[in-house]
Amino acid sequence: MTQSPSPQPDTAPGPEARLSQLEEQVSTLAEAVRALAHGLENIPSQDPQPEEAARGARLAHELLLSKGL
């Protein structure tokens, strides 16, 4: 007697769910890049402000961690 295989649950997300997840990840990455760019911006005639760069890097890192990236 042959048993038919039991149906496997479809654990992979559908294309719409995957696209939505990718869009969210790209949006988060864009926010992180904006935070980094803002922290690195300075007017050449002014003294560099390393605390601004560090703040931008920290914010970008926190954004990525909060989204699990």
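How many helices and how many strands are there in the chain? In this predicted model, the chain holds 2 helices and 0 strands, and the legends below take up the helices and several of their residues in turn.

**View 1. The chain as a whole, with its helices and its surface.** Helix α1 covers residues 15-40 and helix α2 covers residues 50-66. The chain has 69 residues, of which buried residues make up 10%, and its accessible surface comes to about 6100 Å², with 57% of that area belonging to carbon and sulfur atoms.

**View 2. Helix α1 from end to end.** With 26 residues at 1.5 Å a residue, α1 should span 38 Å, and the 37 Å between its end C-alpha atoms agrees with that expectation. The buried residues in α1 are Thr28, Ala32, Ala35 and Gly39, and what covers the buried residues of this helix includes α2. An α-helix has 3.6 residues a turn, so residues three or four places apart point the same way.

**View 3. The pairing of α1 with α2.** The two helix axes come within 7 Å and cross at roughly 170°, which makes α1 roughly antiparallel to α2, since an angle over 145 degrees counts as such. From α1, the residues that meet α2 are Thr28, Leu29, Glu31, Ala32, Ala35, Leu36, His38, Gly39 and Leu40; their counterparts in α2 are Glu52, Ala53, Arg55, Gly56, Ala57, Leu59, Ala60, Leu63 and Leu64. By residue class, this contact divides into 11 nonpolar, 4 polar and 3 charged residues.

View 4. Once neighbours within four places in sequence are left aside, Thr28 is in contact with Leu63, Leu64, Lys67 and Leu69. Among these, Leu63 and Leu64 belong to the α2 side of the helix contact, whereas Lys67 lies in the segment after α2.

**View 5. Lys67, in the segment after α2.** Lys67 is partly exposed, with a relative accessible area of 45%. Not counting residues up to four places away in sequence, Lys67 touches Glu24 and Thr28. Lys67 and Glu24 are 43 residues apart in sequence, while their C-alpha atoms are 9.0 Å apart in space.

**View 6. Glu62 of helix α2 and Ala32.** Glu62 has a relative accessibility of 46% and so counts as partly exposed, a class that falls between the limits of 20% and 50%. Ala32, by comparison, is one of the buried residues in α1. Glu62 and Ala32 are 30 residues apart in sequence and 8.6 Å apart in space, C-alpha to C-alpha.

Terms used:
Residues are numbered from 1 along each chain as its sequence is written. This is a predicted model: local features need pLDDT of at least 70, side-chain atom pairs count only at pLDDT 80 or more; totals for chains, interfaces and linings use all residues. Side-chain values use heavy atoms; hydrogens and water are left out. Axes are lines fitted to C-alpha atoms, for helices over the stretch in contact, and angles run from 0 to 180 degrees between N-to-C directions. Helices (H or I, at least four residues) and strands (E, at least two) are DSSP runs, numbered from the N terminus. Angles under 35 degrees count as roughly parallel, over 145 as roughly antiparallel, 65 to 115 as roughly perpendicular and the rest as oblique. Contact means heavy atoms within 4.5 Å. Ala, Val, Leu, Ile, Met, Phe, Trp, Tyr, Cys and Pro count as nonpolar, Asp, Glu, Lys and Arg as charged, and the others, Gly among them, as polar. The expected span of a helix is 1.5 Å times one less than its number of residues. Buried means under 20% relative accessible area, exposed over 50%, partly exposed in between (1.4 Å probe, protein chains only). Accessible areas come from the Shrake-Rupley method with a 1.4 Å probe; for residues, only the protein chains shown count as cover.
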